[in-house]
Amino acid sequence: MTKTTASSAPALSVTGLTKRYGARTVVDDFDMELPAGVVAGFVGPNGAGKTTTMAMLLGLVRPTAGAGHVLGSSIDDPAAYLDRVGALIETPAFYPALSGAENLRMFATVGRYDATPIPALLDTVGLAGRGGDRYRDYSLGMKQRLGIAAALLGDPELLILDEPANGLDPEGVREMRSLVGDLAGTGRTVLVSSHDLSEVEQVCDWLVLIDTGRSLYQGPARDLLGGPAHGLVVVAQRPEDHLALFDLLTARGDDVAPEHGRLVVKVNGSDVGDLAATVNRAAFDAGIVLTELSPQRTTLEDHYLSMVHGGAR
Amino acid sequence: MTSVIRAELARLLRRRTLVAIAAGSLLFSVIATLSVFSSAQASGPRSRRGGTTLAALTDAGGGTEAFAVGASFVGFLVFVTFIALVATEFSGGTYRALLLRQPHRVRLIVGKLAGALLVAAAAIGLAEVCTLTVSVLVAPTRDVATAGWFSLAGVGAAARDYATVFAGVAGWAIFGTALAVVFRSAPLALGVGFAWAGPFENIIVDSWDAGFRVFPGQVLGSLIRGGSAELGIGRAAFTALVYTGVAAVGTLLLVSRRDVTA
């Protein structure tokens with residue numbers, strides 16, 4: 001899925017972006033730069049400022065301070081770039097009495113887009129057979145997919161999707177992940193906010209972490225997630241060997257910790273492959289059969305919780 | 001802005017809406033004509049409160065008198081319709097979604113209003129034609145001569161009635177839009193609109209005649225009627241222009257400056 005094709009000019013960049021509502025600061029001196037062509041996951045807890053930041057990029061909300069550019073134009077003049085941006089922000093909003101296809105035609109007319117690709121767009125989002133149904137009869141998942149179709153009108157260079165899987169059932173979440181994954185393969189820049197960290201981890205090649213309106217991390221996903229393994233997960237076949245294995249490894253001088261019915265051996269700078277080989281040999285010599293011997297890497301969830309909660313969890 | 005108008009027309013001019021407009025125009029014409037002809041006095045002043053006179057019905061403008069009188073009472077309906085139309089765009093999020101396609105906020109709101117007013121203009125024309133037709137049928141029951149209705153002066157009076165009714169409807173539409181933009185919530189805007197244009201104005205004018213010349217709803221009613229004993233057409237038009245101008249400017253300022261968070 002990773003497809004970073006970053007070119008020199010960023011698709012969007014903001015510096016010092018700030019939004020205050022009275023005494024409440026929602027976005028606080030926020031910086032972000034997305035290279036063109038990346039699929040960026042915009043991750044943060046509820047109320048972190050994700051939607052407000054996206055709304056400022058889309059000209060819906062005026063920044064209190066800061067500056068930025070989207071597709072080369074200032075965010076002070078959204079009309080200069082919005083015809084090249086597709087967006088789904090907050091919940092999808094359409095006219096309930098119109099069909100899905102009629103809604104798309106209306107949005108195409110307002111934006112002066114060619115309406116010819118609408119059947120193909122409905123097909124892309126899995127609504128080919130339901131385009132003639134009234135929007136009010138759509139399920140939540142269908143509404144979200146129609147929102148994606150509307151965002152794709154005009155074949156935008158940049159897609160901004162605000163929690164597209166929000167409120168969907170597990171099957172819907174999987175479908176949406178697949179859809180976003182397909183969009184990621186089209187070469188356009190995508191900024192997608194999500195609470196589903198596994199979705200972000202699987203689909204995105206760029207990460208922006210935000211909390212209380214401030215940037216915690218931004219950069220290539222591989223820089224955050226692709227680090228060396230920090231542990232080796234070891235599981236004995238027979239539960240009664242668990243303690244013996246712990247004693248064996250401790251006696252070898254390994255830094256071992258039991259964790260959810262398995263043992264985790266800290267790598268401590270050594271090569272995880274070499275460590276796995278020696279642990280396996282020691283267990284074999286002691287007559288202990290292992291069913292799992294795998295490297296443990298820090299997940300996005302680990303990073304996220306560590307950054308958002310300062311490692312409190 | 002033309003793209004917004006075209007999109008709004010495409011949204012509104014659907015079979016169900018067209019049937020509702022046709023049925024509404026016919027119902028309006030029957031009720032207005034029967035009410036006006038049955039309540040017409042032999043003589044007396046034209047009042048915002050009262051009906052018309054048989055003499056006025058016999059005049060060149062008599063053919064569309066029922067249309068003008070009846071229309072002065074449906075302004076409130078236009079008012080709440082526009083409140084509901086616009087406020088629902090805000091509370092339902094379609095205004096926000098459309099802004100992503102037409103970021104010029106003033107063009108979007110003016111285009112949508114213009115599209116709706118074009119539909120209203122057609123509905124008003126249909127209602128006038130229907131009312132004239134029903135009036136021709138009802139006129140003999142009150143011994144009202146209809147010859148003058150089809151004279152050049154009659155056509156002029158019909159055009160004048162159309163213009164004043166449309167101007168009044170546009171005024172109500174602007175007030176409704178303004179209220180919807182201020183509150184951005186259909187129930188809240190409708191509640192305030194109902195309270196103001198319904199009980200408040202009408203209770204006050206019962207004890208304060210100057211209210212006919214001051215309150216926006218009463219002024220628009222007089223404008224639609226083509227002037228009344230309490231407020232002449234010239235002053236009604238001027239006052240309505242000032243009121244709607246202030247409402248329009250305030251609305252556009254609010255639309256262009258306020259964050260879109262819904």
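This is a predicted model: local features need pLDDT of at least 70, side-chain atom pairs count only at pLDDT 80 or more; totals for chains, interfaces and linings use all residues.
Local features need pLDDT of at least 70, side-chain atom pairs count only at pLDDT 80 or more, and totals for chains, interfaces and linings use all residues. Residues are numbered from 1 along each chain as its sequence is written, while chains are lettered from A and ligands numbered from 1 in the order in which they are written.

**View 1. Helices H4 (residues 65–91) and H6 (residues 105–138) of chain B pack together.** Helices (H or I, at least four residues) and strands (E, at least two) are DSSP runs, numbered from the N terminus. The two axes, lines fitted to C-alpha atoms over the stretch in contact, lie 12 Å apart at an angle of about 155°; angles run from 0 to 180 degrees between N-to-C directions. Look for Phe67(B) and Leu85(B), among the H4(B) residues that meet H6(B) residues including Ala116(B) and Thr131(B). Contact here puts C-beta atoms, placed from the backbone, within 7 Å.

**View 2. Chain B touches chain A.** Each chain brings 21 residues to this contact. On the chain B side, helices H1 (2–12) and H5 (94–99) are the elements that give two or more residues, and H1(B) gives the most, with six.

**View 3. Chain A holds an open sheet of four strands in the order E2-E1-E4-E5, with antiparallel pairing.** Strands pair if DSSP finds at least two bridges between them. At the edges sit E2 (24–35) and E5 (73–74) of chain A, each pairing on one side only. Five bridges join E1 (residues 10–21) to E4 (residues 65–70) of chain A, and Val14(A) has Gly68(A) as its bridge partner in E4(A). Helix H1 (residues 50–57) of chain A lies across E1, E2 and E4 of chain A, at about 115° to E1(A).

Technical notes:
Two residues are in contact if their C-beta atoms, placed from the backbone, lie within 7 Å.
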